[in-house]
Amino acid sequence: MIGRTARPGSVTAWALSGTAWLVYAFFYAPIVLLVLFSFSDDRNVGRWGGFTLSWYEQFIDHSQLQNSLWVSIRVALLSTVISVVLGTLAALALERFRFRGQRVFDALLYLPIIIPDVTMAVMMLLFFSEGIRIAELLFGLDLTKGFTTITISHIAFNISFVSVVVRARLSGMNEQLEEAALDLYANRWRSFRYVTLPQIAPGIAGGALLALTLSLDDVVVTQFASGPGSTTLPVFVFGMIRRGVTPLINAVSVIMLAASIVLVILSLATQRLRTGETGRTLGARMRRRSGR
Amino acid sequence: MRPTPMRRLLAVLVAMTLLAAACAGEEESAVAADCEVGQTDGDLNLYNWAEYIDPDLVDAFAAEHGIEMTVDVYDSNEAMQPIISAGNSGYDLIVPSDYMVAILIAGEDIQLLNKDAIPNIANISADFSDLVYDPAGDYSVPYQWGTTGLAVDTAVVGTDFPRSWSIVFDPSFADQYAGRISLLNDPRETLGAALKYLGYSLNTTDTGELEEAKELVSEARGRVAAFDTDQADELLTTGETAIAHGYSGDMFTQFLETDDPSRYVYFVPEEGGTRWIDNMAIPHDAPNPCTAHTFINWILDAENGAALSNYNYYSTPNAAALDGLEQELLDFVADPAVIPGGVGSLEEIQDTGDFEINYTDAFIEAVG
């Protein structure tokens, strides 16, 4: 782009590319340092003590880190599957049908994206603790917070993100294709299955990967929705930082970072299969959500 | 462990939100759980700071009593409190810090302990009786503790210096180390140090006293290399600073990382300083309170208490456990030179309620 809008070798081009490099350095220099010092054989982060893999070995040997990693993965997978189904259905309803209260529903769907994490967290905390109390009073059920409540809270915020992404694809899709399918005697289900679904599949995949990433990253909502035996990896890492940052935290961060990068790349790749538009709005929303 | 101003603010916001729900809650009678010594009434769900208990101890307790035990972690008192306060957290035992115990008692979030079920409470050192946040120990039992004081690099400062806050606040001494001193980036700790040097309580709610402390910190600013909490210990051992205001546990573990730990000295100045105490307490709606009592009694045992400290390297309030401590830890914990003013000179930071904002403002003005 720079080459086309500014004359080659001009000051503008030079300044623009310089700025771009500076911005990238600002973004990625801390990450490079993080990765580098995860291999440092010195307990103090920021002091190079020679190359070692011992922090990664410690990560593998650390039973609580391993447990919390598994909780994180299970929560992420389950909440993603459910929120993708519900989010896609919501997107279809809003984009393809007209019904009473649609505008209200539409506006409310954006709410979990907009409201601060801590507000969402307190809502979830009250909802679950009161819900458990009521379930016990009315039905005599003995419920506790834990894996299920974390998963439900992740589904709650992920539905919005999935539906936003899927809607972006739906609105870019030619509705006449569906009408053509119906004209050719396909029923509603068949026209969805063989015409609509293949076209919005990249949107669904993008939404799913986004949901997976958000679920793996979340700390605040998770902390307030969790119960005995359900500490997730990011929550545990935050707890560990209280004892000082050691390269073990770098090693854990590198592993989470690698997983997140793979997911984001996959997400963007599927998003941009046909249109670049959704990818950009997706990126902006995702950054706002995770507070970065 | 140490609170931060932002966390306090968060706690206030969350607490206000929770108030409505709490009002609707049912009345709890103030009677301790009916438990026998060693009795278990189910599994144990511990809610604790990260890496604060040896996983081997957890396994040992579970095996000994034939129960399952889970450990979940929180990163601040302020994150834990609303979760317990809202109810139905599922946790049987929590480890709040001193000032948070007072808040939890006031909110009726923790239950009375049945001391008959905890005979090992007799092992707690007399230094921990009559605590300001829970005077009779009805609700909480000390778990681990530590102090805030000064660490000095004797290779730079030598060993012949006053064990006093004057080495950072008195210009006639401190100016020779200008640019090589670090103070904590924490309003209550750093203003508290100045208040102690001036002979006041570090929990003062007197604006005049606070103003004097502010002036002192403001004057010290010129010779301070950094107001830093997280890396104060590293700055000292890497030679960036020669005198560092910091936490006993952090300093002690950091000294041991160096080639020559004896080069560094940690002490609480004779005028006094901060003592923090983390405590075991049982949430008001703990599913298995008897197992929780049994665990408290078990950890207060001499052997288990020593194992706890040998893992997390903080000081133990358990007098019977001292003999079982690793030598280097015992030397540090039992050395009278660490607290020359005696335990009586120590104070816990208390929640000053509405006055808290004055500390924050004064610190921001002093640090500039």
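How many residues of chain A are in contact with chain B, and how many residues of chain B are in contact with chain A?

## Contacts between chains A and B

In this predicted model, the contact involves 32 residues of chain A and 28 residues of chain B. On the side of chain A that touches chain B, four helices of chain A give two or more residues each: H4 (63–96), H6 (117–139), H10 (220–225) and H11 (233–241). The largest share comes from H6(A), with eight residues.

By class, the side of chain A that touches chain B comprises 13 polar, twelve nonpolar and seven charged residues.

## Domains of chain B

Chain B is assigned two domains. Domain 1 is made up of the segments 5–21, 34–144 and 277–332, whereas domain 2 is made up of 146–275 and 342–367. Taken over C-alpha atoms, the centres of domain 1 and domain 2 of chain B are separated by 28 Å.

## Contacts between the domains of chain B

Within chain B, 15 residues of domain 1 are in contact with 14 residues of domain 2. The side of domain 1 that touches domain 2 receives at least two residues from each of three helices of chain B, namely H1 (5–24), H4 (98–106) and H14 (327–334). H4(B) supplies the largest share of this side, four residues.

As for residue class, the side of domain 1 of chain B that touches domain 2 of chain B has ten nonpolar, four charged and one polar residue.

Definitions and conventions
Residues are numbered from 1 along each chain as its sequence is written. Chains are lettered from A and ligands numbered from 1 in the order in which they are written. This is a predicted model: local features need pLDDT of at least 70, side-chain atom pairs count only at pLDDT 80 or more; totals for chains, interfaces and linings use all residues. Two residues are in contact if their C-beta atoms, placed from the backbone, lie within 7 Å. Ala, Val, Leu, Ile, Met, Phe, Trp, Tyr, Cys and Pro count as nonpolar, Asp, Glu, Lys and Arg as charged, and the others, Gly among them, as polar. Domain bounds come from an automatic or database domain assignment.
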